[in-house]
Amino acid sequence: MPLVKLTQVNKIYKNSSGLEFQALKNINLTINKGEFLAITGPSGSGKSTLMNILGLLDSPSSGSYELDGSDVSKLGENDLATIRNRKIGFVFQSFNLLPRTSALDNVSLPLIYAGVTEKDRLSRAKQSLEIVGLADKLGSTPSQLSGGQQQRVAIARALVTNPELILADEPTGNLDTKNSEEIMKIFHSLHKNKKTIILITHELDVAKNAPRIIHVKDGTVLN
Amino acid sequence: MNTTETFRLAFKAILANKTRSFLTMLGIMIGVLSVILLTSLVSGLKTSITSQIAGLGSNLIYVIPGKIGGGRGPGGTQVDKLTVRNSTALKLGLGNQASVCPAVQKVSNIYYFNKSSKEATVIGVEANYPDIIQSVKISQGRFFNNSESQAGQKVVVIGQTVLKNLFPDGSALNREIKVDNLKYKVIGVLEARGSIFGADQDNTVVIPLVSAQRQFGITNLTTIFIDAKTPENVDNIKKKVGEILAKSLSTDDFSVVDQAQTLSTINQITGVLTLGLGGIAAISLLVGGIGIMNIMLVSVTERTREIGLRKALGARPKDIRNQFLIEAITLSGLGGLMGIILGILSSWAINPIIQTTITWWAIVLSFAFSMFVGVIFGVAPALRASRLNPIESLRYE
């Protein structure tokens with residue numbers, strides 16, 4: 001069953017002097033529930049634009065995007081925020097944790113916007129941190145954690161809302177080999193638990209972790 | 001996101017930058033403090049003047065030279081037409097409906113051997129003066145009687161400040177003091193009356209009107225005090241006084257004023273003072289608001305990545321807007337609260353020196369205004385934050 005279905009998606013950017021730049025050209029892409037997919041390509045290929053559209057941070061200029069059976073390509077900012085909150089978990093290259101804030105509070109952050117009560121937030125955040133193996137670091141702030149641990153907190157934050165789709169943008173880009181392997185192990189175990197994962201990376205080695213790899217170049221998908 | 005969460009976030013953000021938050025609040029704090037302090041000073045002034053005027057007696061009517069509100073006001077030209085002839089006419093015309101006491105006032109220096117009381121007010125009146133002015137009371141000795149008054153004897157009743165200056169030991173009765181160069185015998189001491197507009201009402205001596213006119217070589221009067229006996233009579237007597245005086249004087253040469261008029265004039269003056277001083281203080285609140293806007297704009301820029309992250313995680317634009325707006329309101333509200341506390345404390349602290357009366361409307365108004373300032377100056381930064389693009393914000397360095 002498809003979770004993500006992009007049909008004829010184009011993205012055109014206009015700069016201030018009116019020049020147009022087509023970042024994505026007629027993208028057709030279907031991702032099924034439970035798939036672990038890597039999107040790869042050189043920088044400037046359009047993979048970041050693709051990720052922003054998949055993550056509902058940006059809207060396509062034309063074409064349609066069906067997420068979990070409903071068309072999301074024409075929704076307004078408020079609806080997009082709500083769907084991001086419920087259905088998508090983000091993992092970023094630079095972790096993007098709130099400074100001077102405990103791991104537990106960082107992980108429970110998306111639940112605040114979901115309207116979950118504080119008690120439930122904390123217990124769900126704790127569970128989430130247990131999944132990534134940080135049950136002993138609940139009170140640590142980002143500055144007290146290593147890069148690998150910080151990224152695991154970020155993964156716990158992406159998992160806490162129990163989203164349909166996990167979008168990881170260069171999740172190992174700031175990590176050494178050992179920590180990268182740790183992170184990939186977590187993704188593999190999430191995949192085993194039927195999570196849908198999209199991994200965006202320019203490193204082929206990292207992409208190879210995923211059973212399905214899509215190459216993007218000059219705004220088109222190469223098959 | 002609900003309001004409690006938003007407030008919690010606001011407090012967290014404020015505590016994360018304690019010094020900066022405090023300095024930002026300082027602007028609002030000083031604004032509220034000065035509104036409360038200045039208005040409490042003015043209403044303290046009003047309370048003290050009102051009570052002193054009320055202390056004179058509510059049946060009191062004054063006749064003063066010159067026309068109030070006319071071209072030739074008191075202190076202007078030709079205000080010297082009120083004389084003993086007029087007060088005698090009033091005594092005859094009013095009979096026993098009212099008592100009349102003509103008065104002159106001069107400033108002179110008072111001496112007792114090598115001691116002096118400089119620039120004391122010399123009041124020349126008749127013997128019924130203490131009966132008409134309720135706040136004039138005798139603490140030692142007696143007031144001069146009718147025969148002493150009519151004969152223009154050199155007797156004097158002195159105020160507390162004069163007593164303190166000339167007779168530190170407190171025994172003044174039957175001593176001879178000098179008003180300028182003429183000797184007077186002390187026959188009584190007045191009770192303390194305090195000060196009005198900062199002028200000491202106890203640095204005063206009271207002598208018979210005839211003696212004062214002789215000493216200073218004057219025939220005109222400063223005031224004619226009239227006691228209407230009952231409040232109901234005041235209007236009636238005022239009318240009669242006007243009629244009697246109009247026979248020998250032009251209506252521009254005198255004014256008849258009662259206590260209600262005096263009080264309403266005082267109210268007008270203090271009202272203008274309150275508005276003026278409160279308005280100046282309110283400007284400092286406005287400046288404080290600009291400080292808040294400045295810091296909130298800095299905060300939005302600093303936290304661009306955080307805003308991008310929150311948006312990616314599901315914050316709607318209005319969640320972000322509320323977060324920053326409530327942070328601004330919390331800053332101004334806390335500043336306002338501190339200003340209120342400091343305002344109350346400082347007006348208590350200066351109360352022993354200058355009378356202050358804290359007005360509740362000033363507290364409510366200045367606090368409401370500080371919250372309003374928080375909203376007005378918080379909106380622009382909050383809107384800027386809510387409109388940030390999440391993709392660009394997440395990349396912001």
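**Notebook: chains A and B**

I began with Asn174(B), which sits in the loop between α6 (160-166) and β6 (176-179) of chain B; helices (H or I, at least four residues) and strands (E, at least two) are DSSP runs, numbered from the N terminus. The model is predicted, so I kept in mind that local features need pLDDT of at least 70, that side-chain atom pairs count only at pLDDT 80 or more, and that totals for chains, interfaces and linings use all residues. Residues are numbered from 1 along each chain as its sequence is written, chains are lettered from A and ligands numbered from 1 in the order in which they are written, and side-chain values use heavy atoms, with hydrogens and water left out.

Asn174(B) is exposed, at a relative accessible area of 57%; buried means under 20%, exposed over 50%, and partly exposed in between (1.4 Å probe, protein chains only).

Next I looked up Glu170(A), in the loop between β7 (165-169) and α6 (177-192) of chain A. Its phi is near 45°, a positive value in a residue other than glycine. Glu170(A) is buried, with a relative accessible area of 8%.

**A buried glutamate in chain B**

I found Glu327(B) in helix α11 of chain B. Glu327(B) is buried, at a relative accessible area of 5%. Leaving aside neighbours within four places in sequence, I listed its contacts (heavy atoms within 4.5 Å): Ala10(B), Ala13(B), Ile14(B), Met296(B), Ser299(B) and Arg303(B).

**Where the chains meet**

I counted 22 residues from chain B and 24 residues from chain A in the contact. The two chains bury about 2,100 Å² between them, 57% of it on carbon and sulfur atoms; buried area is the accessible area (1.4 Å probe) that two parts lose on being put together, summed over both.

I then checked salt bridges (a side-chain nitrogen of Lys or Arg within 4 Å of a carboxyl oxygen of Asp or Glu). The rule finds three across the interface. In one salt bridge, the side chains of Glu118(A) and Arg8(B) meet at 2.8 Å, N to O.

On the side of chain B that touches chain A, α1 (3-16), α10 (304-312), α11 (317-350) and α13 (390-395) each supply at least two residues. I noted that α10(B) gives the most, with six residues.

**Domains of chain B**

I read domain 1 (3-51 + 266-395) and domain 2 (102-218) from the domain assignment of chain B; such bounds come from an automatic or database assignment. The C-alpha centres of these two domains lie 54 Å apart.
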